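Please have the sequence and the 3D view open as you go.

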Amino acid sequence: MKRHFEDLQLGSIELFCLAAEAGSFTAAAQAAGVTPAAVSRSISRLEERLGSRLFVRTTRSIRLTDSGRTFYEQCRQALTQLVEAQQQVMGAQAVPSGRLRISVPTTYAHHRLLPLLPRFRAQYPQVTVDIHISNRNIDFVAEGYDLAIRVRAQPDSSLIARLLEDAELVVVAAPAYLQRAGTPQTLDDLPLHECIQFELPSNGRRIPWLFQLQGQEQEFAGEAGYSIAHDVLGGVTLAKHGAGLFQTYKFIVERELADGSLVEVLKPFGGRSRPFTLLYPHGRYVPHRVRAFVDFLLACRDEWGTL
């Protein structure tokens, strides 16, 4: 195997990461127990070796360049993996610890994941959880995520995918809306109703509603006076206040269906679902904190109906 680190020392990379996180050479020096001049010299040698500036320096502060930020994101993950590998060999990781960085969509965060996290941390108090609630696609390596939960996840050979559930879809409306506009009886009635639409933030495409008709899968994408982007829960709120019909996941509106603030319609045409999948990078070594969370979440799947 060819060596790559004769000149590019790991110690210099570690000092670079400390400076990037602290925002100054002085603070990085204090954290590392060296002088600010030593940090500055080390990073200058690193920049010379890379042929690129990593920081924009002023008399009072430093900030990462675009190249520096890219280099930092990759180096931080690599250093974390090195530390974890060392700890695994030394036996220090028998108890999962460290920061767990998770990306999760709005719906799954509020109605599935977040209610479980206090129990996870009670079981693994040395693991800190960094939760990013967003519906956008992420780059695991560049953004430093450990896990993500996604709906309709695309196949990716670099990721391990574990199915969490096929989430049932339902069409709901407020009693006040149905009293005003009538209750749809067939799919042909939908164009006569206010059908709240959700748009994909990435391309503005409206997500079609999914149905079954005589054993055949059907889709409906109608025009509407309301469209929601980014946050599906906005469509639920609109429906609860009488704006119209909305198709969403049943687990989101179970409480409203139980208390009568929303009513399910078009039940004979239901039964369709979308899959939610847990994703994490493929590799020979999966950190203990990641493995602990995957096992915990998969064990909780059967309990979600009671949350």
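**Cysteines, helices and domains**

Cys 300 is buried, at 2% relative accessibility; buried means under 20% relative accessible area, exposed over 50%, and partly exposed in between (1.4 Å probe, protein chains only). This is a predicted model, in which local features need pLDDT of at least 70 and side-chain atom pairs count only at pLDDT 80 or more, while totals for chains, interfaces and linings use all residues. Residues are numbered from 1 along each chain as its sequence is written, and side-chain values use heavy atoms, with hydrogens and water left out.

**Cysteines**
- The structure has zero disulfides, a disulfide being a pair of cysteine sulfur atoms within 2.5 Å.
- Cys 17 is in no disulfide, and its nearest cysteine sulfur, that of Cys 75, lies 5.1 Å away.
- Cys 17 is also buried, with 0% relative accessible area.

**Helices**
- Leu 10 belongs to helix H1 (residues 10-22); helices (H or I, at least four residues) and strands (E, at least two) are DSSP runs, numbered from the N terminus.
- Leu 10 is partly exposed, at 42% relative accessibility.
- Between Leu 10 and Cys 75 there are 65 residues in sequence, yet 9.5 Å in space, C-alpha to C-alpha.
- Helix H5 (residues 106-113) is largely enclosed by the rest of the structure, because six of its eight residues are buried.
- Those buried in H5 are Thr 106, Thr 107, Tyr 108, Ala 109, Arg 112 and Leu 113.

**Domains**
- The protein divides into domain 1 (10-90), domain 2 (98-165 + 275-303) and domain 3 (166-274), with bounds from an automatic or database domain assignment.
- The centres of domain 1 and domain 2, taken over C-alpha atoms, are 28 Å apart.
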